[in-house]
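Hi,

Here's the structure I said I'd pass along. Have a look at it first, and then read my notes below.

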Amino acid sequence: MIGASGISEKVLNLIYAKKLEALLTDAGYRVVQTRATEAGLYDADETHKKAQDMQRRVAVIEQEQPLLTVSIHQNSYPQDASVCGPQVFYYEHSAEGERLAESIQTCMNEQLEIARPRVHKGNTSYYILKRSASTTVIVECGFLTNPAEEARLQEEEYQDKTARAICDGILRYLEGKS
């Protein structure tokens with residue numbers, strides 16, 4: 001996805017993921033990123049790049065067996081540019097995924113002072129949610145199709161606040177497990 005200003009989703013995703021990694025590392029956790037650059041996890045000559053990328057991400061998750069998995073994204077809804085706000089998705093059949101999603105969603109809604117808070121949402125079709133054995137959520141930080149939100153998503157202060165909210169949601173979830 002490319003926003004109206006020309007910003008690429010993959011650029012923003014990496015920024016947010018690195019900020020989250022730093023916060024979780026500071027909190028004493030070992031973080032494994034499935035990618036450290038803008039390059040995808042697919043072969044250059046692969047016909048189905050997105051499918052291979054997702055399969056390789058799931059393979060990393062299987063190999064590492066993490067406490068949880070957070071996949072960072074930016075949302076889009078071209079049909080209505082007014083749609084905005086962060087939203088967290090979980091695998092509909094995962095009680096732990098739902099708990100993690102609710103914790104992150106709550107922290108994002110509160111800490112980012114969302115005017116019209118969204119609710120965490122179950123999903124059965126997202127590949128990484130379906131195929132990951134780990135407790136997994138997809139965090140959509142905001143909508144690149146909303147001009148005001150797209151601009152905010154590029155502001156370092158907002159990026160820091162968003163990463164902090166995601167981190168706090170993760171830590172709150174982990175505290176509830178012990």
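N146 counts as buried, because its relative accessibility is 8% and the cut-off for buried is under 20%. Keep in mind that this is a predicted model, so to speak a computed picture throughout.

Where does N146 lie? It's in the loop between β4 (136-143) and α5 (147-153). Its side chain reaches the backbone nitrogen of A148, at 3.1 Å. If you leave out residues up to four places away in sequence, N146 touches A81, S82, V83 and C84.

Q65 is one of them: its phi is near 50 degrees, which is a positive value in a residue other than glycine. You'll find Q65 in the loop between α2 (49-64) and β1 (69-75). Is Q65 buried or exposed? With 66% relative accessibility, Q65 counts as exposed, since the cut-off for that is over 50%.

E113 is the other one. Phi of E113 is also near 50 degrees, again positive and again in a residue that isn't glycine. This residue sits in the loop between α3 (95-111) and β3 (121-123). E113 has a relative accessible area of 64%, so it is exposed as well.

That's what I have for now.

Cheers

Notes
Residues are numbered from 1 along each chain as its sequence is written. This is a predicted model: local features need pLDDT of at least 70, side-chain atom pairs count only at pLDDT 80 or more; totals for chains, interfaces and linings use all residues. Side-chain values use heavy atoms; hydrogens and water are left out. Helices (H or I, at least four residues) and strands (E, at least two) are DSSP runs, numbered from the N terminus. Buried means under 20% relative accessible area, exposed over 50%, partly exposed in between (1.4 Å probe, protein chains only). A polar contact is a pair of N or O atoms within 3.5 Å; within protein, one must be able to donate a hydrogen and the other to accept it, and residues adjacent in sequence count only if both atoms are side-chain atoms. Contact means heavy atoms within 4.5 Å.
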